[in-house]
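Colleague: I have a model open and want to learn how to read its features. Can we take them one at a time?

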Amino acid sequence: MSERVVTRDRSATVEHYKAAMLLSGAGDALGYRNRLWEDEESGAAIRQELGELGGLKSIRAELPDWPVSADTVLHLATAEGLATGKAGEDLLHEVAARYVEGMKDTAGRKPGPSTILGASQLKPGEEEGFRVPYSAHGTGSGAARRSMCIGLRYPKPDQLLSLVAVAVETGRMTHPHPTGFLGAVASALFTAYAVQRRPITTWGLGLLNEACPIAKSFVRGRGFAAEEAERDWDYFCDQWQWYLDLRGISCGVGPVIWPSSYGPVERDEAYKGFSLSGRAGGSGHGAPMVALDALLGAGSDWEELMSRAGFHGGDGTAGIAGCCWGLLYGTQGVPEGNHCNLEYRERLERSAEELYARSR
């Protein structure tokens with residue numbers, strides 16, 4: 001592990017924000033590999049192909065072979081909506097409009113079925129037009145994958161209510177089931193915790209004890225699909241409690257308990273168990289769970305982070321993990337080719353600068 005460490009007295013700078021947005025996009029593009037690896041269920045096959053390419057250090061993540069996926073397109077839509085400075089329902093209509101527009105740029109980028117359906121039902125500008133009907137199928141990870149930037153906009157502890165409210169409302173624009181939209185809360189929260197320099201071992205506990213109760217009260221207070229959400233609420237929290245118990249961090253302190261053997265093959269199997277569907281990273285609770293697992297295990301090693309969060313079977317989770325990692329460590333130690341010519345690099349960095357300014 002690198003000697004670089006993060007301390008609480010080293011606050012996040014605009015450069016950390018830029019690294020967060022950039023490495024989120026880079027992690028996404030690298031794990032996606034123009035859909036070839038997104039569709040691959042075998043982590044072993046991905047790692048074999050990675051070796052044939054010369055390893056991570058040899059990859060230049062640039063067009064045409066390494067585009068970003070729909071996740072980054074819609075993460076940018078979220079970020080650029082937040083950067084307008086709008087609030088309340090004005091912000092929700094703004095983000096909804098950007099999701100509708102952003103979907104035009106997702107051909108060939110594999111948006112998920114809930115994302116496609118939800119975006120098609122949005123009617124920004126109309127009353128309640130940022131809401132879609134409740135669906136028992138909206139449990140996927142699409143909302144979690146585009147919500148990290150909410151934590152960049154609302155990074156302070158006293159902004160937790162705003163973070164949760166925006167994550168819930170923008171998350172359920174496409175993923176109205178709590179397993180789906182609470183994934184958005186998790187990704188946003190973990191990003192805010194990275195800004196705050198909270199120890200990573202405390203993040204899951206904060207999700208369960210701080211953010212989820214606020215989310216539940218918020219949904220009740222709004223009244224929209226509250227009964228259905230309450231009925232289906234517990235699965236997300238129960239799975240996260242199981243994970244924290246598994247890793248020995250249910251009290252927020254280490255040491256983290258790892259299996260005696262936890263290499264790439266073992267992680268592939270473990271990640272499937274984190275998911276509702278058996279597809280690693282495919283569920284709203286499971287995608288940020290894999291990302292947290294990777295952050296706990298990789299430390300400041302970018303290559304190890306990508307091995308854990310990006311190069312496994314199923315849906316890669318390196319967009320979430322890369323965002324938090326960039327906040328903690330910047331781009332130092334990341335091969336320049338992994339990000340220097342990344343698609344939408346300028347937009348990613350510009351939105352980071354704007355969110356940094358808004359967060360002050």
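Modeller: Start with the aromatic cluster: ring pairs join Phe190, Tyr193, Trp203, Trp240, Trp242, Tyr243, Tyr271 and Phe274. Rings of Phe, Tyr and Trp (its six-membered ring) pair if their centres lie within 6.5 Å; planes under 30 degrees apart are stacked, over 60 edge-to-face, and the rest tilted. By this rule there are 14 aromatic pairs. One of them is Trp240 with Tyr243, edge-to-face, at 5.8 Å centre to centre and 80° between the planes.

Colleague: What should I know about the source of the coordinates?

Modeller: This is a predicted model, where local features need pLDDT of at least 70 and side-chain atom pairs count only at pLDDT 80 or more, while totals for chains, interfaces and linings use all residues. Residues are numbered from 1 along each chain as its sequence is written, and side-chain values use heavy atoms, with hydrogens and water left out.

Colleague: Where do Trp240 and Tyr243 lie?

Modeller: Helices here are DSSP runs (H or I, at least four residues), numbered from the N terminus. Trp240 and Tyr243 both lie in helix H11 (residues 234-247), three residues apart, about one turn of the helix. An α-helix has 3.6 residues a turn, so residues three or four places apart point the same way.

Colleague: Is Trp240 buried or exposed?

Modeller: Buried means under 20% relative accessible area, exposed over 50%, and partly exposed in between (1.4 Å probe, protein chains only). Trp240 has a relative accessible area of 0%, so it is buried. Tyr243 is also at 0% and counts as buried.

Colleague: Which residues have the most contacts inside the largest nonpolar core?

Modeller: A nonpolar core is a set of buried Ala, Val, Leu, Ile, Met, Phe, Trp, Tyr and Cys residues joined through side-chain atoms within 4.5 Å. The largest one has 112 residues, and those with the most contacts inside it are Leu30, Leu163, Phe190, Trp203, Leu207, Trp240 and Trp302. Helix H8 (residues 178-196) gives the most to this core, with 12 residues.

Colleague: Which residues does Phe190 contact, leaving aside its neighbours within four places in sequence?

Modeller: Contact means heavy atoms within 4.5 Å. On that basis Phe190 meets Trp203, Gly204, Leu207, Trp240, Pro288, Leu292 and Cys324.

Colleague: How many residues of H8 are buried?

Modeller: 18 of its 19 residues are buried, so by the cut-off already given H8 is mostly covered. For length, the expected span of a helix is 1.5 Å times one less than its number of residues. H8 reaches 26 Å from its first C-alpha to its last, close to the 27 Å expected.

Colleague: What follows H8?

Modeller: Arg197 does, with a positive phi near 65°. Arg197 is not a glycine. Arg197 sits in the loop between H8 and H9, and is buried at 5% relative accessibility. Arg33 also has a positive phi, about 45°, and is not a glycine. Arg33 lies in the loop between helix H1 (14-32) and H2.

Colleague: How many salt bridges are there in the whole structure?

Modeller: A salt bridge is a side-chain nitrogen of Lys or Arg within 4 Å of a carboxyl oxygen of Asp or Glu. A search of the whole structure finds 27. Take Glu169 and Arg222, which meet at 3.0 Å, N to O. This pair links distant parts of the chain: Glu169 is in helix H7 (residues 160-171), Arg222 is in helix H9 (residues 203-222), and they are 53 residues apart. Glu169 is buried at 1% relative accessible area, whereas Arg222 is partly exposed at 39%. Shared partners also join Glu41, Asp71, Arg145, Arg279 and Asp315 into one salt-bridge network.

Colleague: What about a salt bridge inside a helix?

Modeller: Arg98 and Glu94 meet at 2.7 Å, N to O. Both lie in helix H4, four residues apart, about one turn of the helix. Arg98 is partly exposed at 27%, while Glu94 is buried at 16%.

Colleague: Which peptide bonds are cis?

Modeller: Among them are Leu63 to Pro64, with omega near 5°, and Gly254 to Pro255, also with omega near 5°. Pro64 is in the loop between helix H2 (43-52) and helix H3 (70-82). Pro255 is in the loop between H11 and helix H12 (264-273).

Conventions
Helix = DSSP H or I, 4+ residues; strand = E, 2+ residues; numbered from the N terminus.
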